[in-house]
Amino acid sequence: MMNKLYIGNLSPAVTADDLRQLFGDRKLPLAGQVLLKSGYAFVDYPDQNWAIRAIETLSGKVELHGKIMEVDYSVSKKLRSRKIQIRNIPPHLQWEVLDGLLAQYGTVENVEQVNTDTETAVVNVTYATREEAKTAIEKLSGHQFENYSFKISYIPDEEVSSPPPPQRAQRGDHSSREQGHAPGGSSQARQIDFPLRMLVPTQFVGAIIGKEGLTIKNITKQTQSRVDIHRKENSGAAEKPVTIHATPEGTSEACRMILEIMQKEADETKLAEEIPLKILAHNGLVGRLIGKEGRNLKKIEHETGTKITISSLQDLSIYNPERTITVKGTVEACANAETEIMKKLREAFESDMLAVNTHSGYFSSLYPPHQFSPFPHHHSYPEQEIVNLFIPTQAVGAIIGKKGAHIKQLARFAGASIKIAPAEGPDVSERMVIITGPPEAQFKAQGRIFGKLKEENFFNPKEEVKLEAHIRVPSSTAGRVIGKGGKTVNELQNLTSAEVIVPRDQTPDENEEVIVRIIGHFFASQTAQRKIREIVQQVKQQEQKYPQGVASQRSK
């Protein structure tokens, strides 16, 4: 997407050539057209980093023909909605401090750090509503923090010009965009984002990025893709994950270019062997890639001249449900195999997404009963769920990561919205993590959080990580969760080994819901969550089928 900049407060004597020369003198060359009007102008930058650099370098600092220029994003009133950009953030500002500051003005749906070469930090923020974004701009513009003054702009919100999304649920105001899907339109009509995730040897990461990022910029430009190299993930590991978002054709072309770069680098450093392609795929999709008796895989091997192996089920853990597909062959052969492998994985994923839209047990299809799952039955589950998970206050930094890197990577991996609520006081021992997403995303996000706390030694190495989770259920179903004389909740606790607390005297919230507290290790908590949601689903189905009967049963 182009980043259109507005240049204001220009003298009538200014020409397009004047602007070109001024930008060029400051090493901000303009590749496109300069659209000059009376007293102002517009220019385009294809890269957000260059746009930020131009704003930071020129706005309010440069005089042209006797007038100080103003430079900012050009965002039409129609596109001024929920998205803003905050610049000049102190580089040492802790992420949770910024998060708490932003949360004062509304519900923050997403915070994304922009990687720039400026000394200060830059973030793009998406609020839940247009009004909240407007308030944030008014309140935070010029906000002083340790001698740094925040600079804030609207940035285009493309979703504003899209067809209106389906009516949002009242609770939490969470919409389909958190799952990465464009609002509006049928599931068949919209392009499902299914990225390629691959592993590359750490020694080749520098070559893929290139000097000043030129190589990776060239890849993204040629293939119209977004390529994320997770350099900070698995510090010290021999391989780093790379995620490519694009059309199927763009994904394959980007993958081919990366393979060529790695092979060239290997040849130049006298590494004789061919560099294999390693694709990461969710375990729930791999069975359909392999096919009955391995037929699909054998066919791809035969047609592409490659050797394909898949990591063992034993390598899976509750924190890592991905398997590694290793493809060996020439660069050309591996690239051809990637096209066919991703085609099969994409088909499986789209099939599962279709199942979500028709409410037919998507979660069970991703976690078949005898592979990986503590959930032995196929049932329908709601598409979006909200779970509040409580973690030790001192663990917040580890979950967020440096400049928010870990929490963003976790949200991408899980396909969930993950937010840390502001602290309720200065001396609280726990902080609430709000996780929003479908059941599979909940499993992945919560699993990674449990795992991170274990890895970072926030719990004794000999003890299991036990956390408290809160889920909301309709107050009308709380009695069914408890059961007659507490029978159901006692059976639930015996089955799952989790402690389940349903307060009897709890006042329902505005949505007529009450909180169920679940305390236990990861699998115990997950099983309890699923069982409780299963009970709720059964009650809802009965209410739809026998509305009078269920009501009379409750009143007895």
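This is a predicted model: local features need pLDDT of at least 70, side-chain atom pairs count only at pLDDT 80 or more; totals for chains, interfaces and linings use all residues.
Hi everyone, let me start with S252, which touches E338 and T339, leaving aside residues up to four places away in sequence; contact here means heavy atoms within 4.5 Å. Residues are numbered from 1 along each chain as its sequence is written, and side-chain values use heavy atoms, with hydrogens and water left out.

S252 sits in helix α7, residues 248-268. Helices (H or I, at least four residues) are DSSP runs, numbered from the N terminus. Is S252 buried or exposed? S252 counts as buried because its relative accessibility is 14%; buried means under 20% relative accessible area, exposed over 50%, and partly exposed in between, with a 1.4 Å probe and protein chains only.

Now the cysteines. How many disulfides are there? A disulfide is a pair of cysteine sulfur atoms within 2.5 Å, and by this rule the count is zero. C255 is in no disulfide, and its nearest cysteine sulfur, that of C334, is 8.4 Å away. C255 is buried, with a relative accessible area of 0%, and C334 is buried too, at 1%.

Last stop, helix α14. Its 17 residues, 439-455, span 24 Å from first C-alpha to last, close to the expected 24 Å, which is 1.5 Å times one less than the number of residues. Of those 17 residues, 15 are buried. Just after α14, N457 takes a positive phi of about 60 degrees.

Methods
Helices (H or I, at least four residues) and strands (E, at least two) are DSSP runs, numbered from the N terminus.
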